[in-house]
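Dear colleague,

Please find below the structure I promised to pass on, followed by a summary of what turned up in it.

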Amino acid sequence: TRLQGDWSSDVCSSDLFAETAMTWREAMSHALATSPRITAADAGVQAANGGVLLAQAPWEPKLAANAAAFGDRDEGLAPTGPWAGDVGGWSSTLSLSQAIATGTTLGVDLDLGRTRYAYDLPALDMDITGEPLYRSSLVFRLTERLLEGNRMASNLLGVKLARGARARAEVERQAAREAVLLEAGDAYWQVWALTAELDAVAELRRALGAEPEGARVLAARARAERQEIELRAALETAADRLARAVGERVTVASVPSVRPVDPEASIARLRGGNTELLAAHLAVDDAADALKAARQSLLPTLDATASYALHGQDTDFGASFAELGSGALAGWTVGASLAVPLYNRADRGAVAIAEGRLAAAQARVVQVEGEQIDAVTAELRSIDAAAQVEALAGREAEALGAALVEGADRVELLAEIAEARRAAVRARADAA
């Protein structure tokens, strides 16, 4: 298959794998939209969002209701003779409670019930049935944890850890996007470079075909044919790699220009957006929260409880509620409980472990930042060197072309021109 294209153009075409033609930006967008790695990362973020909702559940208001029916029969012997008694009714409770991260729990209960009594005195030929008694109660409850250091951090630890897990999932999604773009972009540029190199070799073969046959020309033709075979095999491999990254076989439509890179701006972006560095900072936050929770176990706690209740009971609910509202039947309770930890080995060990993990996480941030800065600095040097190589290779090709016009050794010059053009292509792809 003969390849057609200009090695110096942004558009290099080949019928070697003629499929959908995509520009670099189109290929990158397609890779992001079809990558199973990004789909998995999106699912991880969705699961982490569910974890945050689950961790926030204890701090949501709760409404509970229950109801029960009861009945009891008792018999006995009195001076007037035997007797039997029946009692029956029902009761129900509606409770609303709200827990607050400050260690406060508020609640209100509404209790309703109905009870009916009946007595049978056979010896006196009496059957006594009492009027139903309707009961109602409204109870206000308060529980407060006092003297509990770091209680907000301790109570909200689950929520903070869940949010940290979500942040890590988002960082992993960003890392997945970067990995997909790196793989697809590298494959796209490799296909472009190999196609352009094939164009240069094909042009060399055409030029050698016009030269008078001789041992040197035949050797140069064989060498060019060998290079073309090697490049075609590499191009097929690169095309397969690009197809896996993009989701379908594509041809290179165009590539963007390679812009100069500002070293200081690159380092600033690294500190603010590098996924590995972000993950290290998140690990420090998690370790700090875990240390606060571990230190919590070493601190004393004092729980105070209080309740206030209003009651009412009468032969109907209307009268019962009226009595409840009057406040005639009221009651209250106040209580407290104190717990002092004895600084046992388990608590102190947990604190020591948490402190060690925090120190390790902080050291990891310094290590990762240094490693990433070194890596980016090395890449910047490579980009600068590749840009210089591309420019020098272009000038070399032009100079060799001028020498060819001047009638120098044509066979050697033709090969050197092709190699200079290929070097310029490789340098541009490396810089990209």
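**Charge, fold and an aromatic cluster**

The protein chain carries 43 positive and 61 negative side chains, and the centres of these two sets lie 5 Å apart. Please bear in mind that this is a predicted model.

As for the overall build, the secondary structure of the protein chain comes to 10 helices and 11 strands. The radius of gyration is 41 Å, well over the 22 Å that the globule rule gives for 432 residues, so the protein chain is more spread out than a compact globule. Along the principal axes, the C-alpha atoms fill a box of roughly 145 × 50 × 35 Å. Buried residues account for 33% of the 432 residues, while the protein chain exposes about 24,200 Å², of which carbon and sulfur atoms supply 57%. Among contacts between residues at least 6 apart in sequence, 77% join residues at least 24 apart.

Turning to the aromatic side chains, the structure holds four aromatic pairs. One of them is formed by Trp90 and Phe317, a tilted pair with 6.0 Å from centre to centre and 50° between the planes. Because Trp90 lies in strand 5 (residues 81-100) and Phe317 in helix 8 (residues 317-326), this pair ties together parts that are 227 residues apart in sequence. Trp90 counts as partly exposed at 31% relative accessibility, and Phe317 is likewise partly exposed, with a relative accessible area of 22%. Both residues belong to one aromatic cluster, formed by Trp90, Tyr134, Phe317 and Phe321.

How values were computed:
Residues are numbered from 1 along each chain as its sequence is written. This is a predicted model: local features need pLDDT of at least 70, side-chain atom pairs count only at pLDDT 80 or more; totals for chains, interfaces and linings use all residues. Side-chain values use heavy atoms; hydrogens and water are left out. Rings of Phe, Tyr and Trp (its six-membered ring) pair if their centres lie within 6.5 Å; planes under 30 degrees apart count as stacked, over 60 as edge-to-face and the rest as tilted. Helices (H or I, at least four residues) and strands (E, at least two) are DSSP runs, numbered from the N terminus. Buried means under 20% relative accessible area, exposed over 50%, partly exposed in between (1.4 Å probe, protein chains only). The radius of gyration is taken over C-alpha atoms; the globule rule is 2.2 Å times the number of residues to the power 0.38. Contact means heavy atoms within 4.5 Å. Accessible areas come from the Shrake-Rupley method with a 1.4 Å probe; for residues, only the protein chains shown count as cover. Lys and Arg count as positive and Asp and Glu as negative; His and the chain ends are not counted. The place of a charge is taken as NZ of Lys, CZ of Arg, CG of Asp or CD of Glu.
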